[in-house]
Amino acid sequence: MKATNIAVVGAGPAGLSAALWLKNLGLTPIVIEREAKTGGMQNFNFLHNDWVLGQLALTGLNMASSFDLHVKERAVDIRLQCNLESIMRANDGGFILSLNGQKTQSSSQSNSQSHVDKIYCDGIILANGTRYLGKEIMSHVAGVDLLERDDIIEGPYAFLDVERHKNKRVLIVGAGDNAFENAAMLLQQDCQVTIIARSAPSARSQFVDEVAVHPQSTIIDGASIMSVKKINPTEIEIDIRSNDSSKNHPLVLKNKSTLVVNQIHILAGYCSNADTVNSLMLSGVGESLDCDSNQFLLVDRLGRTNVSHIYAAGDVCNTDFPCVVSAVASGALAAKTASQDLLG
């Protein structure tokens, strides 16, 4: 029998789960991952997670390692440091993918060189997830380019070794669960914490309440950062413009115009990685994948996109409940759907 190849784009929890299920269902998964290791965003989850059944108090790094060992035990074909360069339709309705990866040279040569492979696949599962928003959201702020590398900490790195920030004054940009959880951890380290957001806090109320009542915290909503300036080796002056357009939490303070901090943490959420694949789809296949207004892929209840034999799983199509648990389940569902569609 002809092998049924399925390309899995992304080697995070959703992609690896999909690959495992494909393998067990009798299909041949080919996992394409641009990074040097599997695990996706779990490689940036430095905290112990007690929400995952059967994985008590493991960090994301621990879970990523466990996932990697499992798929390797099943001899899944994983192409690391491999970029998807193009997607073309094959004459039989399948797909031809061009992959640009790293090829290690002989031991006498220390460098690596790129090489391009073309693979055929009967279907594609997109599991390339999201990326955290970082310094780019402050690109309009005057003076931000003059700050040093260590002045701004982006995304999950704000949770790494929180103890090193003890007694610092920290500005957090963001209003979601991550921003307020980071604030709570910093307050435990005797930090002075200011949270600034363009709109009212979107974090769970218990998170907001815990931070808002703390005497060393300030929450400024309906505000924008206008400029930043390094005033000495350890301090940054922040100019803020606030307004009265947002609905305030009862404990939120407003109209603070200037503050001085030691560090800025950006915890402003995540954006979809669907944009790069969609541009390849449009140029190579002549069809685009349906997305919502924030470029997250739209799928049916079984993981099918609007393009035949292309599926999606994990955070790239999940805006309701993105987490490791839903990603693993979503990957399994997409694999099951692909096997039913292609094998009958």
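Okay, let's start with a pair: the side chains of Arg304 and Asp341 meet in a salt bridge, 3.0 Å from N to O. By salt bridge I mean a side-chain nitrogen of Lys or Arg within 4 Å of a carboxyl oxygen of Asp or Glu. Arg304 sits in the loop between helix 5 and strand 20, while Asp341 is in helix 6 (residues 324-343), so this bridge ties together parts that are 37 residues apart in sequence. Helices (H or I, at least four residues) and strands (E, at least two) are DSSP runs, numbered from the N terminus.

Before I go on, a word on what we're looking at. This is a predicted model, where local features need pLDDT of at least 70 and side-chain atom pairs count only at pLDDT 80 or more, while totals for chains, interfaces and linings use all residues. Residues are numbered from 1 along each chain as its sequence is written, and side-chain values use heavy atoms, with hydrogens and water left out.

Back to our pair. Arg304 is partly exposed, at 27% relative accessible area, and Asp341 is partly exposed as well, at 32%. For those words, buried is under 20% relative accessible area, exposed is over 50%, and partly exposed is in between, with a 1.4 Å probe and protein chains only.

How many salt bridges does the structure hold? Twelve. Another of them joins the side chains of Arg89 and Glu287, at 4.0 Å from N to O. That one links distant parts of the chain, 198 residues apart: Arg89 is in strand 6 (residues 83-89), and Glu287 is in the loop between helix 5 (274-284) and strand 20 (310-312). Arg89 is partly exposed at 29%, and Glu287 is partly exposed at 33%.

Then there's Lys230 with Glu148, whose side chains meet at 3.6 Å, N to O. Lys230 lies in strand 15 (residues 223-232) and Glu148 in the loop between strand 10 (130-132) and strand 11 (152-154), so the bridge connects parts 82 residues apart in sequence. Lys230 is partly exposed at 24%, whereas Glu148 counts as exposed at 52%. These two also belong to a network of salt bridges that links Glu148, Asp151 and Lys230.

Now the inside. A nonpolar core here is a set of buried Ala, Val, Leu, Ile, Met, Phe, Trp, Tyr and Cys residues joined through side-chain atoms within 4.5 Å. The largest one has 26 residues, and Ile87, Leu97, Ile124 and Leu126 touch the most other members. Several elements each supply at least two residues, among them strand 1 (5-9), strand 7 (95-104) and strand 8 (112-121). Which element gives the largest share of this core? Helix 5, with four residues.

Take Ile124 as an example. Not counting residues up to four places away in sequence, its contacts (heavy atoms within 4.5 Å) include Ile6, Ile87, Leu97 and Tyr311.

One more buried residue: Ser17, in helix 1 (residues 13-24), is at 8% relative accessibility. Leaving aside neighbours within four places in sequence, Ser17 is in contact with Val328, Gly331 and Ala332.

And that's my tour for today.
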